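Please read the following with the sequence and the model side by side.

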Amino acid sequence: MATSKLLLTFAICRLIVTVGLTLDPTELLLLGVDGQLSVDPSDVETASLDFGLLTRAAPPLAVLHPASAQDIAQLIKAAYGSDFGFTVSARGHGHSINGQAQTANGVVVQMSGSKRGSGRKPPQPRVWPREKYVDVWGGELWIDVLRSSLEYGLAPKSWTDYLYLSVGGTLSNAGISGQAFNHGPQISNVHELDVVTGKGELLTCSEEQNSELFHAVLGGLGQFGIITRARISLEPAPQRVRWIRVLYSNFSAFTRDQEYLISLHGEAGSQKFDYVEGFVIADEGLINNWRSSFFSPRNPVKISSLEPNGGVLYCLEITKNYHESTASTIDKEVELLLKRLDFIPATVFTTDLLYVDFLDRVHKAELKLRSKGLWEVPHPWLNLFVPKSKIGDFDKGVFKGILGNKTSGPILIYPMNKHKWDCRSSVVTPDEDVFYLVALLRSALDNGEETHSLEYLTNQNRQILKFCDDAGINVKQYLPHYTTHEEWMDHFGNNWDRFYQMKMEFDPRHILASGQQIFTPTFRSSSKMVASW
Ligand code: FAD
């Protein structure tokens, strides 16, 4: 204990020397948090890395494992109130790509996995079965939200494809998967939040209470406050899932069917699918890509036998949830819906599994990749929202053009209905009723093959963005990554002024989530404030 205090004092003194601050080291030590303020080298190392493995920030000064929202409020109050200040970044599960949860020479608040050790711990999920919602800690992983809700036969409605992400992390972006066409993104399924703002105030916010903060925080890239509690909407949990994949060689037929399926959002449950996604198959080896081994290895699909158009096939992925009590009607319902689609005949691949196993499908792929040493590799991912009117141009220029039949990872493509997104939230989407997510989820490998290298894939991402610019395809980045003021202003477009105004109101010293590189902290370097936007 004494050693760790010594280390902490040393680390704080290092900060003071490095950045010329005159923060009294005891200020942090005296915070008296119930959790743990750590300078343990493994904590500090973890906090300076993320899933992307593309950036390594200078190490943070310390890592706070909070026991409560009050711990976080005390820390931020100290940062805000001190003459010279320091940055504070929430880190959920660290599954960002470009250092968004890192902060050099500040304090990282480790929101997820902070239940270790002794002493007080963040609250457990609390399900309200009658009201059909669950209150969860901001660092809770979605897999644990699912497990807790299932104890009451309930489950959240809107998901991400992968559940080992934190609630605060996905709500700071949007949280999307194949249910979004129907229920909207995860940020459209939240009733209430507790947030610690950049001034250290702990506020409850909702549609009715502190509504500006509520909308700003949802999709707000961690800029306005740290989410410590979220109240998430629930529905009766389905028991099983019929999971179907069908193939297309014609891109127009593929997108027409996807758009038709998402237009059924207002229909009764029996008249629509519950999940609509899809992916691009530009490389035969990837038909069984890491996202799941679905197509039977004993019955491999030969891409060449399906006459792909321009070397590319498209796979529509749909599911229907059901209860054992309705199992007798599921075949008929699926058959009727499939009859209306225009896929290549005899390319229907079906499987049936428990709802939990469907939701947790990517974790199984993770375990396989981990066992082969292919999980902890650089991930130059690029996620784009593409307006519906330009998705054909995108196909020609990118899937059949720039990618050149080599993908190096899954490429998802699925449409969403814009009206299911609340335009008061901070997230930015294209200005059309329907837009697509195109997710290029590629892994870089150091195996001597040029097309697998980080440099090659990073260049290709740049080429894709330039192609969109040149072709007038107004894409918006999802999980955006920019490094200049101009790029951020361009990203937010007409919403920039509001975003900036909210920042000035809720985090005027620009203490929070500096890893997003949107605002520069306005700390005093000598006697005057450093200018920033
Ligand atoms: P972190 O990386 O820890 O943090 C992300 C940002 O949020 C940082 O700026 C951080 O400061 C801020 N933040 C974190 N916690 C809080 C909080 N409590 N309050 C305020 N700000 C906070 N996204 C989808 O939408 N759909 C998917 O299907 C999907 N699948 C994915 C699969 C994998 C394998 C991976 C690696 C990512 C996937 N993502 C998906 C992206 C994911 O949603 C984002 O990367 C998300 O930020 C990760 O959550 P995290 O808890 O790891 O966040």
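Helices (H or I, at least four residues) and strands (E, at least two) are DSSP runs, numbered from the N terminus. By that scheme, Ser252 has its place in helix 9 (residues 251-263). This is a predicted model, in which local features need pLDDT of at least 70, side-chain atom pairs count only at pLDDT 80 or more, and totals for chains, interfaces and linings use all residues. Residues are numbered from 1 along each chain as its sequence is written, and side-chain values use heavy atoms, with hydrogens and water left out.

Start at the ligand. The ligand is surrounded by 33 residues, of which Ala90, Gly92, Ser96, Ser166 and Tyr478 are the closest. Sorted by class, this shell holds 14 nonpolar, 17 polar and two charged residues; Ala, Val, Leu, Ile, Met, Phe, Trp, Tyr, Cys and Pro count as nonpolar, Asp, Glu, Lys and Arg as charged, and the others, Gly among them, as polar.

Polar contacts are pairs of N or O atoms within 3.5 Å; within protein, one must be able to donate a hydrogen and the other to accept it, and residues adjacent in sequence count only if both atoms are side-chain atoms. A polar side-chain atom of Tyr478 lies 2.6 Å from an oxygen atom of the ligand. For Gln516, the distance between a side-chain N or O atom and a ligand oxygen is 2.9 Å, and for a polar side-chain atom of Asn173 it is 3.1 Å. The ligand taken alone exposes 950 Å², and the protein buries 96% of that; accessible areas come from the Shrake-Rupley method with a 1.4 Å probe, and for residues only the protein chains shown count as cover. Strand 3 (88-91), helix 6 (167-171) and strand 10 (225-236) are the elements that give two or more residues to the shell.

Two strands pair if DSSP finds at least two bridges between them. Strand 3 and strand 4 (residues 107-110) run parallel and are joined by four bridges, and Ser89 stands opposite Val108 in strand 4.

In the loop between strand 3 and strand 4 lies Ile97. Ile97 counts as buried because its relative accessible area is 9%, where buried means under 20%, exposed over 50%, and partly exposed in between (1.4 Å probe, protein chains only). Ile97 and Pro480 are 383 residues apart in sequence, yet 9.7 Å apart in space, C-alpha to C-alpha.

Helix 6 contains Thr170, which is buried at a relative accessible area of 8%. The side chains of Thr170 and Gln186 are joined by a polar contact of 2.7 Å.

Elsewhere, strand 13 (residues 313-322) is mostly covered, with nine of its ten residues buried. Strand 11 (residues 240-248) pairs with strand 13 in the antiparallel sense over nine bridges, and Arg245 stands opposite Glu317 in strand 13. Strand 12 (residues 275-281) also runs antiparallel to strand 13, through seven bridges; here Gly278 stands opposite Leu316.

Ser252 in helix 9 counts as partly exposed, at 43% relative accessibility. Between Ser252 and Asp395 there are 9.7 Å in space, C-alpha to C-alpha, and the two are 143 residues apart in sequence.

Definitions and conventions
A residue is near a molecule or strand if one of its heavy atoms lies within 4 Å of it.
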